[in-house]
Amino acid sequence: MKIKYLLPLTFIGVSFLRVSASTVIPPTFDQLVQQAELIFQGTVTNVRSVWEGEGAQRHIDTYVTFQVQDNVKGSAGTSYTIRMLGGTVGDETMEVTDTPKFNVGDRNILFVEHNYEQFVPLVGIKNGRFQVQRDEQTGRDVVLNGEGEPVRDLTKVGREEESVSASEAISPEELKSAVQQKLVDSSGRPAK
């Protein structure tokens, strides 16, 4: 009789282990550029979370709209919205681990793939988001990775990079230029 109850608990325990053991392998810079369908620099103009679906399929989706300043790969137009699983509606929150959080006014360079098809439409989830922030000491814009750390060396994206100060970080223009160079190198002709 005790085994009858112990067996389902064992299966549940194994299921939890599988869920918590899954991780995202951070993509390299080359993989980010290759896998992205769109790469653009934009500013968040709206963040809206809503209930979607019915019954067992009911969930929260968040729609993040950007004013696009620069199309780097593909064309996102002048305004672009991504859909991500999770968010807060009223006093109910559905949170997905490692999903980036966006706020109105955030400036970003995004590497987008499969928008409206997967739960987070960024290459490598949070790895497909580079934040653009002003460095208070130098007064220049710098790039931060998905962890919020300044980026100095794009060849180390997706790998452990030693901690760097914001004054050592690359600019958004340097990141976009590196993307353009990768696109030229891979196709043999200038990127669109």
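Biologist: Where is the place of Ala169 in this chain?
Modeller: The model is a predicted one. Strand β8 covers 141–144 and helix α3 covers 172–187. The place of Ala169 is in the loop between β8 and α3.

Biologist: Is Ala169 buried or exposed?
Modeller: Buried means under 20% relative accessible area. Ala169 has a relative accessibility of 2%, so Ala169 counts as buried.

Biologist: Which residues is Ala169 in contact with, leaving aside its neighbours within four places in sequence?
Modeller: Asp141 lies 28 residues from Ala169 in sequence, with 9.1 Å between their C-alpha atoms. With neighbours within four places in sequence left aside, the contacts of Ala169 are Arg140, Val142, Val143, Pro150, Val151 and Arg152.

Biologist: Why does Val64 count as buried?
Modeller: The place of Val64 is in strand β2, residues 59–73. Buried means under 20% relative accessible area. Val64 counts as buried because its relative accessibility is 1%.

Biologist: How many Å apart in space are Val64 and Val104, C-alpha to C-alpha?
Modeller: Beyond four places in sequence, Val64 is in contact with residues including Val44, Tyr80, Ile82 and Phe102. Val104 is 40 residues from Val64 in sequence, and the C-alpha to C-alpha distance is 8.8 Å.

Biologist: What pattern does the chain follow, read along the sequence?
Modeller: The secondary structure comes to three helices and eight strands. Read along the sequence, the pattern is α-α-β-β-β-β-β-β-β-β-α.

Biologist: What percentage of the residues of the chain count as buried?
Modeller: The chain exposes about 11500 Å², of which carbon and sulfur atoms supply 52%. Of its 192 residues, the share that counts as buried is 37%.

Methods:
Residues numbered from 1 in each chain as written. Predicted model: local features only at pLDDT ≥ 70, side-chain atom pairs only at ≥ 80, totals over all residues. Heavy atoms only, no water. Helix = DSSP H or I, 4+ residues; strand = E, 2+ residues; numbered from the N terminus. Buried < 20%, exposed > 50% of the residue type's maximum accessible area, 1.4 Å probe, protein only. Contact = heavy atoms within 4.5 Å. Areas by Shrake-Rupley, 256 points an atom, 1.4 Å probe, with all protein chains shown as cover.
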